[in-house]
Amino acid sequence: MVFGLGAGLGFYYVASPALSPSHLVIGRQEGLERTACEVLGARFTERTADDAASAWAGVRAALERGLAPVLVTDLAALPYWRTSTPFGGHRIALAGHDEARGVAFVADTDRPGLEEVPLDVLDRARASIAPPFAAPGRPWLEVDAPRAPPALAGAVREAIRRQARDMLLPVDGSGGVSAVERFAAELPRWHLEARDEADRAWSFRYAWQVIEKRGNGGGLFRRLYARFLGEAEALAPELATLGLRPAMEAVADAWTRLAHALREVAAVPDAPAPEAAAALAREVAGLERRWYEDAAARVR
């Protein structure tokens with residue numbers, strides 16, 4: 001529900017020899033938390049700080065006011081993830097701290113409890129400007145309660161409209177559906193553009209992981225969003241007549257099929273994406289465009 005209220009689906013495609021891997025896909029909107037606050041009428045403030053001391057003082061003050069600030073971090077710098085692959089823009093919630101022990105307590109994705117992170121390590125994670133979503137200034141978000149209980153039926157409709165608009169609006173290939181279409185068009189050239197065999201294999205394998213494995217519920221977050229649509233139908237029953245949920249499930253299934261095809265390519269030295277995988281990518285792009293255009297036209 002929270003993911004859907006934040007119009008959380010996105011798509012970004014970046015190809016650069018400076019990256020590892022050199023071809024990177026991302027399936028989540030950068031502004032999920034901000035959008036969720038807006039559709040729910042929750043008050044929020046985005047803050048930054050120039051140095052470590054000011055950044056920690058700012059979030060500690062938010063804790064003392066009874067808020068749990070949302071921090072922007074580099075996932076690779078958080079020790080409990082045990083990964084060396086940078087991912088800037090990873091959000092965590094600060095739940096508390098123990099100054100005497102020099103640790104912070106944070107909530108992260110689907111982990112059942114709070115994680116302890118040394119304060120100096122947390123600052124390094126916040127200070128990182130690793131791609132794809134990192135930003136300077138150790139940014140954080142402070143969220144307060146809505147002034148009145150939100151009308152959820154209206155909120156889910158507004159969130160779906162925003163989701164469609166956000167995916168259709170970029171037309172230059174930088175994000176949204178146009179980026180899915182650019183990804184589909186360029187996928188057959190990945191093996192030619194890779195720095196070397198290790199980068200070629202990592203590009204395909206990382207794409208599989210991002211689509212299917214890395215904390216998104218499978219199908220590049222689309223399966224998670226379909227679950228939101230099922231919950232939204234209980235709040236706004238007219239949505240069930242539009243067929244949005246089963247159509248999004250079909251989008252998720254297509255992404256999953258593509259992910260497994262990319263995983264197979266990664267294991268074959270020097271292999272390009274076969275025509276079957278390229279055709280799947282084009283199918284995904286068509287399904288994505290049709291879903292958002294349909295939602296934009298029919299959700300009122």
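This is a predicted model: local features need pLDDT of at least 70, side-chain atom pairs count only at pLDDT 80 or more; totals for chains, interfaces and linings use all residues.

Leaving aside its neighbours within four places in sequence, with which residues is N216 in contact? The residues are V210, I211, F221 and L224.

N216 is found in the loop between α8, residues 197-212, and α9. Is N216 buried or exposed? Its relative accessibility is 2%, and since buried means under 20%, N216 counts as buried.

How do α9 and α10 run relative to each other? The axes of α9, residues 222-235, and α10, residues 244-266, come within 8 Å and cross at roughly 170°. Angles over 145 degrees count as roughly antiparallel, and the two helices are therefore roughly antiparallel to each other. On the α9 side, the contact involves R222, R223, Y225, A226, L229, G230 and E233. These meet L244, R245, M248, E249, V251, A252, D253, W255 and T256 of α10. By class, the contact has eight nonpolar, two polar and six charged residues.

I turn now to the strands. Which strands make up the open sheet, and in what order? The sheet has six strands in the order β3-β8-β4-β5-β6-β7, with antiparallel pairing. β3, residues 42-47, and β7 stand at the edges; each has a single partner strand, so one side of each is left without a neighbour in the sheet. Neighbouring strands of this sheet are turned by 40° against each other on average, direction ignored. Within the sheet, the antiparallel pairing of β4 with β8 extends over two bridges, and L71 stands opposite W140 in β8.

Helix α2, residues 32-40, lies across β3, β5 and β8 and runs at about 150° to β3. In helix α4, residues 119-127, the buried residues are V121, L122, D123, A125 and R126. What covers them includes α3 together with β4, β5, β6, β7 and β8.

Where is A77 placed? A77 sits in the loop between β4 and β5. With a relative accessible area of 26%, A77 is partly exposed, because that category lies between the 20% limit for buried and the 50% limit for exposed. Not counting residues up to four places away in sequence, A77 touches V121, R124 and A125. Of these, V121 and A125 are listed among the buried residues of α4. A77 can also be related to A130: the two are 53 residues apart along the chain, and their C-alpha atoms are separated by 10 Å.

Finally, another strand pair. Strand β1, residues 9-15, and β2 pair in the antiparallel sense over five bridges, with L24 in β2 as the bridge partner of V14.

How values were computed
Residues are numbered from 1 along each chain as its sequence is written. Side-chain values use heavy atoms; hydrogens and water are left out. Two strands pair if DSSP finds at least two bridges between them. Helices (H or I, at least four residues) and strands (E, at least two) are DSSP runs, numbered from the N terminus. Buried means under 20% relative accessible area, exposed over 50%, partly exposed in between (1.4 Å probe, protein chains only). Contact means heavy atoms within 4.5 Å. Axes are lines fitted to C-alpha atoms, for helices over the stretch in contact, and angles run from 0 to 180 degrees between N-to-C directions. Angles under 35 degrees count as roughly parallel, over 145 as roughly antiparallel, 65 to 115 as roughly perpendicular and the rest as oblique. Ala, Val, Leu, Ile, Met, Phe, Trp, Tyr, Cys and Pro count as nonpolar, Asp, Glu, Lys and Arg as charged, and the others, Gly among them, as polar.
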